[in-house]
Amino acid sequence: MHKEFLMGNEAIALGALAAGVNLVAGYPGTPSTEVLETIAKRNPGNVYVEWSINEKAGMEVAAGAAYAGARTLVTMKQVGLNVASDPLMSLEYIGVKGGMVVLVADDPGPISSQTEQDTRTFGMFAKVPVFDPCSVRDAYEMIQEAFEVSETYGTPVIFRATTRVDHGYEALEVKDEGEYKNNRPEGFVKDSSRWVIFPRLSVKNHALIEQRNERLSEVFSQYPRNVILWEKSRKERCVGEELPVCHEEQDRQGCRRGIATQGANYGYVLDSKQDGDVRILRVATPFPFPEKLALEFLEGLDEVLCVEELDPVIERALTYVCGKYGLAVKIRGKKTGDLPLSGENTLEIVENAICRFLGAESKECSGEKAAADPASAKEPAEKNLLPEPPALPVRPPVLCAGCPHRASFYAVKTAMKGQKTIYCGDIGCYTLGNAQPLDMCDTCLCMGAGIGIAQGVFHTEPDTKCFAFVGDSTFFASGITETINAFYNQADLTLVILDNSTTAMTGHQPHPGTGRTVMGQAVEKVSMEKVLCAIGLETVETVDPLDFQLSVETVRRVAAKPGVKAIIFRSPCIALTKPVGRSRVTSEKCIGCGKCIRELGCPALVLGEDGKKARIDTSLCTGCTLCEQICPVGAISGGMKNDTAKDDVIKQSEIRNDTAKEGAANE
Amino acid sequence: MSKNIILCGVGGQGTILASRLIASAAMKKNLPIKTAETIGMAQRGGSVFSHLRIGEDANTPLIAKGTADLIIGFEPGETVRQLPFLKKGGAVVVSSRPVMPVSAMIGKSTYDANAMLTYLKENVEHLTIVDADQAASDLGSAKTLNVVLLGAALRSGELGLGESEIIESMKERIPEKLWQLNFQSLNWSS
């Protein structure tokens, strides 16, 4: 064992390695990405790791290996599970031989996602057992247990963490490489009655799965991470400590209120400063729900507050248990308005909810929400009371200074000015093209959807010029089938692929167009042009978006053609290149028209001291020259596009592995 | 000793590295440490923050409002945004240099950075304002603002860590060719 300061996702990866994982596949997505990257970086040499083209592919690769007895891990974010749901739903009916853990990172908030879906609910729907870690250390240990459960019961299991666990950091003791479990897969054993899904097998296995989950509910009632903290043993206890076994009789009698919680919320509950007489249940396996343990927890209680994020999973489960056993315990939570229905919980939200729940027995509640309640409106004396601040800056995320996507969007916008158009966007950095002043994203739904949406709009209003924007990684992940659909079904739309030669938003992972794998191996690139031509597209043009005039002309020419046609805007992500020359404004020449600032919205373009003329923040400028090309009086010069970018792209895995991944810092 | 520290700024300013340097310095002193960071979409020019809890067995890395000992602000407006987390009598180290949001540059929102600094002066007892432009011109680089601020935080006495531990962590996390610049940056405000 040795001590390391680890991100939750790094701890999960090291836990999987310690459990002897043989194969890891996944698709990047915040907040899950670092798990697979850490496996790649800390690979003892015998683990197969890949970035799959999408989550469905990753799930199937992991399932195949697990059929052959390998321990496998597949990683994704919550919306990625939607893509992988087809194989997962069926896989549960077939089962696995080697332990298989499906790591899904949920994003309450959401901070970087389209939805606030709860993978605990998904697990229930898919009948797949779910593990829900509460801290970095808990996650490290729990994932090793998850592999054991998976293998023992022959089922894939979901390991579902949320942002605060995935991206929290802790110093913790982890195993040395020599202590890792050595798992030698037996190999695939042919048995068509086991591995081939047919209706007859499905109905038989369905019953077995339901019975197994009943059994697991009992097993999980004994699982030490599902725990009741009786009031007297709760004081001074910290998440991740050895579990105290002190089921004290006096608590059973005296205590009338309970709090049921999970994940990061468990820490918020323990850290909240209430000291009323309260019993706590932490649910580490929301499915199958540890019913027996819940019964023990509910015994003698009048009311329970459920503190959880996303869906009211525990709240529903406890309500069910109360109904099933005829218990007169009031279950409160999201459904009763005690906690918010959406968004991420904070310490304050949890503390205030608990405070209101415990009422007069505890200290005064603090914070805004509690202030509405006159009984608890008194602010604690030590609070830092501040006057109303000046208007805070509004900072929606924006495209980076010099981002080639800005140039691509601006070229399309310029070329199509005055025409009836729709710009269907997609998931990735280019979603940020919706921000003012570009305003080039009319729709955004899910990965690859822009192409189908554009097609649907075309079939409904054929006089609109329909554009579908998609990124390079997204094109491979889910754009190809949509393109074939649009082409075969006679749509008229322009497919615009914004190819920055990396998966940028999630931190620069390789994809089939980059000619590189996550383990740094150089491989044959998959050519987007060839794929599009093979589909049958007659017009496929590739252009450098940083050549503004050429880009505008290309868009005009291509968009005027009938049918499905494609433009590939190819220029590497600025995080993968080093600027060679930065642009400067010649103040004497600048007429202060503001066009560059107003039209491009580049963070490097700011107003000068006089509040009129443009100035360039050289710490941000990448020398993309787009502003130079649109300045009506030629007042901006000095920028130089980096033509050696392609070499740098090769180095992307090293860049990504740098701890200072914000890039700008201490370059 | 236990310290709650918040680092805040705008995505790309280097808050994560600064947070990492503090964390590894705390580890060298064998202090328990938990941190939480903003990673993902918000890194693209959005508001970012790190919470660090050092030296106490905290159950969560998140810091409750009114309990931070120190805020290291990379940007005036972002520092004001986080100010409700500062405890009464807590310290603030802030860079004077605003990062103008694109929305303000194109007239869709307003941002008065001087009003932010005035607000901080009026409401923070232990305030250190770091003249970031001066630092950048003295050091010949604007890229080490994070280390300049870290140095000022050290001297505020609220970091609870020594210079030697910070320097040791810097040596581990920063390439050797940049050591000299970073050591100068650390000492710039002294």
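So, the sheet: eight strands make up an open sheet, and the order is β1(A)-β8(A)-β2(B)-β3(B)-β1(B)-β4(B)-β5(B)-β6(B), with mixed pairing. Keep in mind as I go that this is a predicted model. As a reminder on sheets in general, strands pair through backbone hydrogen bonds, either parallel or antiparallel.

Helix α7 of chain A, residues 136–153, packs on it and touches β1 and β8 of chain A, where β8 is residues 168–174. The helix direction makes about 50° with that of β8(A).

Now let me walk through two of the strand pairs in chain B. Strand β1, residues 3–10, is joined to strand β3, residues 47–54, by eight bridges, and that pair runs antiparallel. If you want a spot to look at, find B:Ile5, which stands opposite B:Leu52 in β3(B).

The other pair is β4(B), residues 68–73, with β5(B): five bridges, running parallel. Here B:Leu70 stands opposite B:Ala91 in β5(B).

Leaving out residues up to four places away in sequence, B:Ser156 touches B:Leu70 and B:Val93. Its relative accessible area is 28%, so B:Ser156 counts as partly exposed. For a sense of distance, B:Gln134 is 22 residues from B:Ser156 along the chain, and their C-alpha atoms are separated by 20 Å.

Okay, helix packing. In general, two packed helices are described by the angle between their axes and the distance between the axes.

Let's take α7 of chain B, residues 163–173, against α8 of chain B, residues 179–187. Their axes come within 11 Å and cross at roughly 150°, and α7(B) and α8(B) are therefore roughly antiparallel to each other. The crossing of α7(B) past α8(B) is right-handed. From α7(B), the contact uses B:Glu163, B:Ile166, B:Ile167, B:Met170 and B:Lys171. From α8(B) you get B:Trp179, B:Asn182, B:Phe183, B:Leu186 and B:Asn187. By type, that contact has six nonpolar, two polar and two charged residues.

α7(B) also packs with helix α1 of chain B, residues 15–28. There the angle is about 120° and the axes are 8 Å apart, and α1(B) and α7(B) are therefore oblique to each other. This crossing is right-handed. On the α1(B) side, the contact residues include B:Leu17, B:Arg20, B:Leu21 and B:Lys28; on the α7(B) side, B:Glu165, B:Ile166, B:Met170 and B:Arg173 are among them. What's the split by type here? Six nonpolar, two polar and six charged.

Back over to chain A for some backbone details. In helix α5(A), residues 85–94, the buried residues are A:Ser85, A:Pro87, A:Leu88, A:Leu91, A:Glu92 and A:Ile94. After that helix comes A:Gly95, with a positive phi near 85°.

Where do we find positive phi at a residue that is not a glycine? A:Leu310 is one of these, at about 70°. A:Leu310 is in the loop between β12 and α15 of chain A, and with a relative accessible area of 5%, it is buried. A:His508 also has a positive phi of about 70° without being a glycine. Its loop runs between β16 and α21 of chain A. A:His508 is buried as well, with a relative accessible area of 12%.

The bond from A:Thr30 to A:Pro31 is cis, with omega near 5°, and A:Pro31 is in the loop between β2 and α2 of chain A. There's also a cis bond joining A:Gln436 and A:Pro437, with omega about 0°. You'll find A:Pro437 in the loop between β14 and α19 of chain A.

Terms used. Residues are numbered from 1 along each chain as its sequence is written. Chains are lettered from A and ligands numbered from 1 in the order in which they are written. This is a predicted model: local features need pLDDT of at least 70, side-chain atom pairs count only at pLDDT 80 or more; totals for chains, interfaces and linings use all residues. Side-chain values use heavy atoms; hydrogens and water are left out. Two strands pair if DSSP finds at least two bridges between them. Helices (H or I, at least four residues) and strands (E, at least two) are DSSP runs, numbered from the N terminus. Contact means heavy atoms within 4.5 Å. Axes are lines fitted to C-alpha atoms, for helices over the stretch in contact, and angles run from 0 to 180 degrees between N-to-C directions. Angles under 35 degrees count as roughly parallel, over 145 as roughly antiparallel, 65 to 115 as roughly perpendicular and the rest as oblique. A crossing is left-handed if the near helix is turned anticlockwise from the far one by less than a right angle, and right-handed if clockwise. Ala, Val, Leu, Ile, Met, Phe, Trp, Tyr, Cys and Pro count as nonpolar, Asp, Glu, Lys and Arg as charged, and the others, Gly among them, as polar. Buried means under 20% relative accessible area, exposed over 50%, partly exposed in between (1.4 Å probe, protein chains only).
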